[in-house]
Amino acid sequence: MDHAKEPSPTRAWWSRDTVAVVTGANRGIGHSVAARLAEHGLTVVLTARDGERGEAAAAPLRDRGLAVVFRRLDVSDPASVAAFAAWLRDTVGGLDILVNNAAVSFNEIDTNSVEHAETVLNTNFYGTKLLTEALLPLFRRSPATSRILNISSQLGLLNKVRNPSLRRLLLDEETLTEGKIEAMVSQFLAQVKDGTWAENGWPKVWTDYAVSKLAVNAYTRVLARRLQSGGERVSVNCFCPGFTRTDMTKGWGKRTAEEVADFGARLALLPPGELPTGTFFKWRTPQLYSKL
């Protein structure tokens with residue numbers, strides 16, 4: 001997908017009855033994606049860990065006449081995920097699109113501390129996986145195909161992994177499993193605790209964040225294959241927005257959250273006939289994770 005072939009749906013397959021859930025959406029990319037999807041005419045469930053901030057982010061969108069509902073959600077808290085899934089089932093009736101955007105990082109642009117590695121992995125990887133699995137039964141499997149879009153990062157691509165055994169593990173898609181991905185994450189966290197992580201070939205830049213996105217990318221491929229083999233009409237893709245000006249980057253970046261949201265929303269709304277699964281979108285160019 002290059003600049004000449006940007007996704008620009010001309011015939012909407014969606015309506016106000018189409019429900020999109022966007023996590024970590026009280027600010028930054030998440031908020032901009034939620035706003036853009038609502039502007040396209042969907043009903044959006046905007047989520048955030050902080051109830052006050054989340055409601056404050058949703059209210060101006062509702063004031064514009066957009067169909068936006070706020071619901072508190074902490075993806076790293078199993079009880080919060082379970083409560084959210086129950087509310088979505090009983091109150092909304094299900095969903096059609098899930099944008100997994102919630103993520104944390106504690107590194108400055110020019111630093112690489114792993115002091116908060118457990119929190120980063122619990123939110124960015126385990127939280128994404130926990131919520132996705134909890135909501136999978138609630139997708140409505142419409143003829144347009146339900147979609148999951150994981151906001152990821154090229155920091156978590158295989159070309160950032162220097163450990164040969166890790167590369168082999170992640171490249172072997174026929175044998176790669178969720179259990180092996182979680183074992184990789186556990187190995188990293190154990191090495192963080194015993195101080196050996198730096199010498200074991202993990203990504204060099206924002207290491208804990210990169211490992212969390214490495215795991216998300218791998219999980220996306222495994223989940224896409226699992227759903228395809230089961231005949232499930234749910235696509236699962238990753239989107240790396242690149243270096244974006246948000247609070248996470250302390251305002252540094254090549255593009256704005258609004259620019260990212262414009263393209264991210266187009267990916268989420270691709271026409272059914274053009275919708276892939278198991279694909280990593282690196283800004284405006286789709287590339288298979290397994291080929292990088």
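User: What share of the contacts in the protein chain with a separation of 6 or more comes from residues 24 or more positions apart?

Analyst: This is a predicted model, in which local features need pLDDT of at least 70 and side-chain atom pairs count only at pLDDT 80 or more, whereas totals for chains, interfaces and linings use all residues. Residues are numbered from 1 along each chain as its sequence is written, and side-chain values use heavy atoms, with hydrogens and water left out. Contact means heavy atoms within 4.5 Å. Among contacts with a separation of 6 or more, the share from residues 24 or more positions apart is 73%.

User: Is strand β5 enclosed by the rest of the structure or open, and why?

Analyst: Helices (H or I, at least four residues) and strands (E, at least two) are DSSP runs, numbered from the N terminus. A residue is buried under 20% relative accessible area, exposed over 50% and partly exposed in between (1.4 Å probe, protein chains only). Ser146, Ile148 and Asn150 point one way from β5, while Arg147, Leu149 and Ile151 point the other way, and all are buried. Because six of the six residues of β5 (residues 146–151) are buried, the strand is largely enclosed.

User: Which residue of β5 is the bridge partner of Ile97?

Analyst: Two strands pair if DSSP finds at least two bridges between them. Strand β4 (residues 97–100) and β5 run parallel and are joined by four bridges. In β5, the partner of Ile97 is Arg147.

User: Which residue of β6 is the bridge partner of Ser146?

Analyst: Strand β6 (residues 234–240) pairs with β5 in the parallel sense, over six bridges. Within β6, the partner of Ser146 is Val234.

User: What is the angle between the planes of Phe188 and Trp202?

Analyst: Rings of Phe, Tyr and Trp (its six-membered ring) pair if their centres lie within 6.5 Å; planes under 30 degrees apart count as stacked, over 60 as edge-to-face and the rest as tilted. The whole structure holds seven aromatic pairs. Phe188 and Trp202 form an edge-to-face pair, with 5.1 Å centre to centre and an angle between the planes of 70°.

User: Where do Phe188 and Trp202 lie in the chain?

Analyst: Both Phe188 and Trp202 are buried. Their pair links distant parts of the chain, 14 residues apart. Phe188 belongs to helix α6 (residues 178–194), and Trp202 to the loop between α6 and α7 (207–229).
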